[in-house]
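Morning, everyone. Let me put the structure up, and then we'll walk through it.

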Amino acid sequence: MTTVHAYAAPSADAPLAPSTIERRELGPLDVRIDIKYCGICHSDIHFTRGEWGPQEYPATPGHEIVGVVAEVGADVTRHAVGDRVGVGCMVNSCRDCENCAAGEEQYCLKGSTLTYGSKDRDGTITKGGYSTGVVVVEDFVVKVPEGISLQEAAPLLCAGITTYSPLRHWGAGPGKKVAVVGLGGLGHMAVKLAVAMGAEVTVLSQSLSKKDDGLRLGAKDYFATSDKQTFKTLRNHFDLIINTVSAKIDINALLGTLTLNGTIVNVGAPPEPLEIGVFNLFGNRRSFAGSSIGGIRETQEMLDFCAEHGIGADIELIEGKQINEAWERVLASDVRYRFVIDTATLTA
Ligand code: NAP
Ligand code: ZN
Ligand code: ZN
């Protein structure tokens with residue numbers, strides 16, 4: 001076992017505090033990573049605060065991990081000491097089921113092992129990237145291409161892949177009108193990626209307070225969902241909507257903005273069920289869908305796409321002692337547009 005520095009929540013309602021955690025001995029197919037940066041995803045908050053169900057404490061979240069390979073197991077072939085690498089939301093899966101065979105390990109029929117809060121193969125509960133080191137099996141480690149800084153790459157490991165995957169699956173590209181709902185961590189990545197894919201992008205935010213940023217990121221239009229006129233103006237308009245909102249919102253109003261055969265993909269994960277009026281689906285033969293992160297192969301593809309298009313996340317780099325304050329700002333929709341922890345500061 002190796003001891004690493006970390007931040008951990010002692011219970012669902014207590015602030016995170018400096019701590020240490022144990023990482024397993026290096027197995028033959030394992031890679032030991034010195035974590036340099038870890039992004040803060042809203043999922044870290046939902047999970048740690050018990051909003052998705054009871055958890056084990058102390059809990060260390062974090063699944064937007066980037067760092068440098070420090071050591072490799074005897075049979076590792078994909079990574080070498082010194083490589084710049086990343087780990088996202090999963091650290092393992094069965095590798096055997098139909099979905100794993102299709103490269104969609106996030107939909108593993110036996111359940112993928114999540115980076116934190118999951119039961120690992122050895123029976124321990126996984127602990128995430130608000131820490132200085134981690135041991136992960138090589139197949140679940142991706143390469144961070146040259147050309148993206150490590151700190152701006154960190155949020156790609158969740159916010160990037162979670163928006164890239166549905167944009168690709170539902171064919172965002174030239175001639176397609178795409179709306180992104182919520183301009184937070186996922187939302188700002190969705191705008192950058194959809195624009196790079198050639199789609200015409202509109203942001204739907206609670207207010208117009210971030211309009212300049214939305215347009216700078218490449219959106220063509222920006223509307224406030226608090227303005228009733230928005231839904232009249234945009235009626236039957238979009239081919240695809242990516243809803244990244246972390247709270248329960250009015251899906252029926254959004255459905256009305258979809259054109260013939262349009263789809264709204266929900267990636268936001270509020271704990272409450274969303275309500276859908278079936279007649280809002282009947283009109284224009286609309287679809288309501290969900291999407292969860294992306295497979296390992298697609299995560300690498302997304303990182304390579306970002307390097308090719310010069311895309312990184314817009315980040316605010318913080319120290320360990322600022323994590324609790326950063327969480328408050330995420331909850332207040334005051335994130336521009338992803339907090340990233342410099343793990344060198346986790347020791348204090
Ligand atoms: P975030 O940075 O907090 O962004 C969410 C945005 O939603 C906010 O910035 C805000 O945008 C909007 N919003 C928040 N509360 C709202 C409310 N009450 N009404 C209307 N709009 C509201 O969060 P994130 O890290 O991007 O994550 C977003 C959601 O996706 C979370 O629920 C997270 O758990 C989930 N998620 C899912 C997956 C997946 O695989 N499906 C992966 C990662 C995260 P505006 O200020 O622009 O309105
Ligand atoms: Zn996430
Ligand atoms: Zn599987």
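Helix H4 (residues 159-169) packs on helix H5 (residues 185-196) at an angle of about 50 degrees, and their axes are 8 Å apart. Before going on: this is a predicted model, where local features need pLDDT of at least 70, side-chain atom pairs count only at pLDDT 80 or more, and totals for chains, interfaces and linings use all residues. Residues are numbered from 1 along each chain as its sequence is written, chains are lettered from A and ligands numbered from 1 in the order in which they are written, and side-chain values use heavy atoms, leaving out hydrogens and water.

From H4, the contact (heavy atoms within 4.5 Å) includes Tyr164 and Leu167. From H5, Met189 and Leu193 are among the residues involved.

Now the metals. Which residues coordinate the zinc ion (ligand 3)? Cys94, Cys97, Cys100 and Cys108, each through SG, at 2.3 to 2.4 Å. Donors here are N, O and S atoms within 2.8 Å of the metal (3.2 Å for Na, K and Ca). The angles run from 104 to 120 degrees, so the arrangement is tetrahedral (four donors, all angles between 85 and 135 degrees). The spacing is C-x2-C-x2-C-x7-C. Cys100 is buried at 8% relative accessibility; the cut-off is under 20% relative accessible area, with a 1.4 Å probe and protein chains only. Cys108 is buried too, at 7%.

Next, the zinc ion (ligand 2). Its protein donors are Cys41 (SG), His63 (NE2) and Cys158 (SG), at 2.0 to 2.2 Å. Cys41 and His63 are both buried.

Note on methods: Four donors count as tetrahedral if all angles lie between 85 and 135 degrees; four count as square planar and six as octahedral if opposite donors are over 155 degrees apart and all others between 65 and 115; anything else is irregular. Buried means under 20% relative accessible area, exposed over 50%, partly exposed in between (1.4 Å probe, protein chains only). Axes are lines fitted to C-alpha atoms, for helices over the stretch in contact, and angles run from 0 to 180 degrees between N-to-C directions. Helices (H or I, at least four residues) and strands (E, at least two) are DSSP runs, numbered from the N terminus.
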